[in-house]
Amino acid sequence: MASKGTEGFGNIAWWGFSPAQDLQDLGKELRLEKLTLSESAESSRDLNVLLVGAGDCRHILKTIAQSYRWHRRKINFYVVENQLELLLRHLLLLHIALEPPARMGLQEKTELYLEVFGDALVREQTADYIRTKATDFIKLITDADRLACDMPLVDMTMLKFRERDAMEAICKFWRDPEVKSFDIAKFWDARQRRYLEVRYDSRKNVYDWDRTMKLHEKDAKILHGSEYNRWRESGVAFQVREGDYTVGNRTLASGVLLKREGERIPARGYWGDIATGPFISHGLESENQDLFKTANGLHTGCCSFVSEYNLLAMFHEILHKERYVPPKEEKDSGEKKGATLTEITEEEEEEEDEGPEKPSETSGGGDRGDGTAKEEDQGLIPCPDFKVHFLPLNACSDIPRRSKYAGLFDVVFFASGMVHGITPELNATLADEAVIIVETAKYLIDLRNEQLEEFGKKVNEMAAAAGWKPISACDFTKDVFAKYQFKRNS
């Protein structure tokens, strides 16, 4: 179990505690020009990224979404997590993000993603989607050829057989319709009682204190009381559509070993974050600064709305390879002054849905005879320049000994909960002038400033022991990332 100081953080990071980043947008720090460009303006060298404990696929999605803004190059993501449930969540969220417009419009995709990503309780139709995909994923996990055909973005060949067997068992749990086998509402309340102890009866005041005196002080002032309090009370962070959120989100289930009478007993439940929330990954930053307007010193929007906009914009960019530009407000006083995100995207979705239904001269085996393809035959949105490799759980200690990873990684990302993987041995896998990005513990609200400073001191010591030089000074109480560079001695 987590120590008392990190009880709110939990044992597993279902979501990240830093905003999504385009990993190519490192400018002169990465010196992308050294990854030489050919005359065709295409990179002659792949960009290889190692993600250690990211918790979700936010960096992958944003990097893919904004890749058209850079010279074309192939990018390989290597993903290391400390639990197999997280790898399956990566698979599910990536699958949602790449659903074709014939099956799912942008608005529906965004809502589904947010539910699966951050809600402990989901709608029945979302639970049905998870069950269906769990069955499909069993086939992908057990058949490499099927995976290469149906979801070529992902590569699982590096996983061990026992890890794939365990992932298959998790998928079978996901598709179990029996409610009593995973009562997340009961688990959530038990975690809150353990975490708050004598403060439980006055928990509403605790929620307000944590939001205004901790998260707001950490530059999360757009986090609204209603969304944060709802999440702390019930686990539902993104209630983006009217409906009954009553079914447990089984993708948030994991197991731990509990000590009881001197013995270790396995227990499945909800062992993730119950203090900060899933608002950081997509809800604090955006290219659209209109989302952060204030009135009387208070934000008119909230993290849920920013998250919804950011994801919709990313999905639009993945599909169309162009920036998402929302319609401007009508200036005529006789017309309505604005539109909800749902209204903004309805017309766009209708246009997308019309495309695949028109007869195609190049339609393949999915043609029904009337010139249209079967919905189930529509493949995922293609991403030919990208590959996501799932690595084994012990990869950080294992890959330095394997020659195939020697000098491979140009960018390495460490989540705050996985900094113990920073070792001199990892240098064998780093490319010359590789950039290492370390997530600070800024948004872990259980940690005081002096603890954050101590955390930063230890990270700097580990980086120095590995021979990494700071790119710029980092204040671990205020900054979200610490950046280092590795230079191999010639």
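Me: At 2% relative accessibility, how does Asp210 count, buried or exposed?
Reply: This is a predicted model, in which local features need pLDDT of at least 70 and side-chain atom pairs count only at pLDDT 80 or more, while totals for chains, interfaces and linings use all residues. Residues are numbered from 1 along each chain as its sequence is written, and side-chain values use heavy atoms, leaving out hydrogens and water. Buried means under 20% relative accessible area, exposed over 50%, partly exposed in between (1.4 Å probe, protein chains only). At 2%, Asp210 therefore counts as buried.

Me: Which residue meets Asp210 in a salt bridge?
Reply: A salt bridge puts a side-chain nitrogen of Lys or Arg within 4 Å of a carboxyl oxygen of Asp or Glu. Side chains of opposite charge can pair when their charged atoms come close. Here the N to O distance is 3.4 Å. The partner of Asp210 is Lys214.

Me: What separates Lys214 and Asp210 along helix α8?
Reply: Helices (H or I, at least four residues) and strands (E, at least two) are DSSP runs, numbered from the N terminus. Helix α8 covers residues 203–215. Lys214 and Asp210 are four residues apart there, so the separation is about one helical turn.

Me: How many salt bridges does the model hold?
Reply: The 4 Å rule sets what is counted. Some bridges join into a network, such as that of Arg69, Glu287, Glu317 and Arg323. The count comes to 26.

Me: How many residues apart are Arg191 and Glu7, which form a salt bridge?
Reply: Their closest N and O atoms are 3.3 Å apart. The pair links distant parts of the chain: Arg191 is in helix α7 (residues 184–196), and Glu7 is in the segment before β1 (47–52). Arg191 is buried at 4%, and Glu7 is buried at 1%.

Me: What is the relative accessible area of Glu115, which forms a salt bridge with Arg123?
Reply: The closest N and O atoms of Arg123 and Glu115 are 2.5 Å apart. Arg123 counts as buried at 9%. Glu115 is buried too, with a relative accessible area of 0%.

Me: Which residues have the most contacts inside the largest nonpolar core?
Reply: Such a core is a set of buried Ala, Val, Leu, Ile, Met, Phe, Trp, Tyr and Cys residues joined through side-chain atoms within 4.5 Å. The largest one has 145 residues, and those with the most contacts inside it are Phe77 and Trp468. Its largest share, ten residues, comes from helix α2 (residues 84–97). The two residues asked for are Phe77 and Trp468.

Me: At what angle do α2 and helix α6 pack?
Reply: Axes are lines fitted to C-alpha atoms, for helices over the stretch in contact, and angles run from 0 to 180 degrees between N-to-C directions. The axes of α2 and α6 (residues 161–174) lie 10 Å apart. Angles under 35 degrees count as roughly parallel, over 145 as roughly antiparallel, 65 to 115 as roughly perpendicular and the rest as oblique. The two helices are therefore roughly perpendicular, at an angle of about 65°.
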